[in-house]
Amino acid sequence: MRYGSFNHCNLPPWVIASYHFNSNPQPLEIQGVKQSNRFLFDKLLAAADWHERAGIFMDFMSVKFQLHHWEQQATLPARNSIKNNYLFFLRCWMIDSNSISGAVLKHWVESRMGISPTYHKARIHDINSEAYFNYTVDVMKGSACTSAIQAQLDLLFEYCQFELRRKYPGQETITLYRGTHDAEEHDIIENLENRQQIVRLNNLISFTLEAERAWEFGRTVWKTTVPLAKIFYYSDLLPGSILKGEDEYMIIGGEYRVERLR
C-alpha cells in the first residue's frame, strides 16, 4: 500500500506511518481543530480533575453537534443521524472492527493521517482492489446514516491528545500488547534479531495495556512501543464502559517494530 500524498495533519503521511516516527515521535494535530474550538480547550485547561474535563468535553460535543436534540427530529433517519454519534461508533468498534462503523473510523485515519487501511473484512493490497472498493461502500453506508462524524472524531482525537499529556506527563511513548491469531497474514517488512520484526499494521488497530490480557485474543502476542501521539482513543478517556473490559487502546497504524512474545 502506498500512503496518501496529502492529509489534514501537521506531518505528511509517510512520516506518520514510518516506524522511525515511533522512535522519534512528534506531536500530531488535525489542522484547524484546536484553533476553531479554542473555547473548549481553554475551559479544559482550567479544570484540574479528569472527570470534570470529560464532562466538559462531552457537554461541548452534545451542544456543538446537537446530540441531545435527536428526539426532536421529525423522521427516523433524522433521529438516527444524530444518535449515531462518536460514542456509537466507538461501541460498534468494540463489538466488530470490521463493521460499517469500523470502516468509518478507518476512513477517518485515512483522510486525516493519509494512511490507508490494509484490512477490512479482507486483506486490502491496493486501492484499486475489490476489497478496497467494498471498504469504501461501507464507509459511504456508515457516513450516510450519521451527521458530521468526521468533525466529531477530529475533536475526539484532539481531546485524547490533550488528556494523554496529563495522564503521562513528560512521557512520549507507551508499551502496549496485541494478541493475534493471524500474525503471519500481516505485511512483514523486515525480520530482525531476538524475535523482533518490522510489520505494517492496519491504519487503525487495537492494543491493550496488559500483556496477560493480550493472550486472550491470540496465540501470538506482539509487544511494541507506541507514541502517545498515535493513540486515537483509550479505555479510560471517557466515563462509562466503552473499551473498559479489555484496557483497550485504539492506535493509528502504519509500520511498527514489534517483539513476538510467542
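Begin by selecting Ala148, which lies in the loop between H9 and H10, where helices (DSSP runs of H or I, at least four residues) and strands (DSSP runs of E, at least two) are numbered from the N terminus. The phi of Ala148 is near 55°, a positive value in a residue other than glycine. Most residues other than glycine have a negative phi. Ala148 counts as partly exposed because its relative accessibility is 41%; on this scale buried means under 20% relative accessible area, exposed means over 50% and partly exposed lies in between, with a 1.4 Å probe and protein chains only.

Before going further, note that this is a predicted model, in which local features need pLDDT of at least 70, side-chain atom pairs count only at pLDDT 80 or more, and totals for chains, interfaces and linings use all residues. Residues are numbered from 1 along each chain as its sequence is written, and side-chain values use heavy atoms, with hydrogens and water left out.

Next, select Asn194, in the loop between S2 and strand S3 (196-208), where phi is again positive, near 55°, in a residue other than glycine. Asn194 counts as exposed because its relative accessibility is 61%.

Now colour helix H5 (residues 50-64) and helix H10 (residues 149-167), whose axes come within 12 Å and cross at roughly 170°; the axes are lines fitted to C-alpha atoms, for helices over the stretch in contact, and angles run from 0 to 180 degrees between N-to-C directions. This crossing makes H5 roughly antiparallel to H10, given that angles over 145 degrees count as roughly antiparallel, under 35 as roughly parallel, 65 to 115 as roughly perpendicular and the rest as oblique.

Leaving aside neighbours within four places in sequence, Leu44 is in contact with Arg53, Ile56, Phe57, Tyr159 and Phe162. Between Leu44 and Phe57, the C-alpha to C-alpha distance is 7.8 Å, although the two are 13 residues apart in sequence.

Which residues touch the most other members of the largest nonpolar core? In this core of 64 residues, they are Tyr86, Met113, Leu156, Ile231, Phe232 and Leu238; a nonpolar core is a set of buried Ala, Val, Leu, Ile, Met, Phe, Trp, Tyr and Cys residues joined through side-chain atoms within 4.5 Å. H10 gives the most to this core, with nine residues. A second, separate core of six residues includes Ala103, Ile124, Ala131 and Val139.

Finally, select helix H8 (residues 100-113) and helix H9 (residues 130-144), which pack at an angle of about 100° with their axes 8 Å apart, and this angle makes H8 roughly perpendicular to H9. Their contact includes Ala103 and His107 of H8 and Tyr135 and Val139 of H9.

Methods. Contact = heavy atoms within 4.5 Å.
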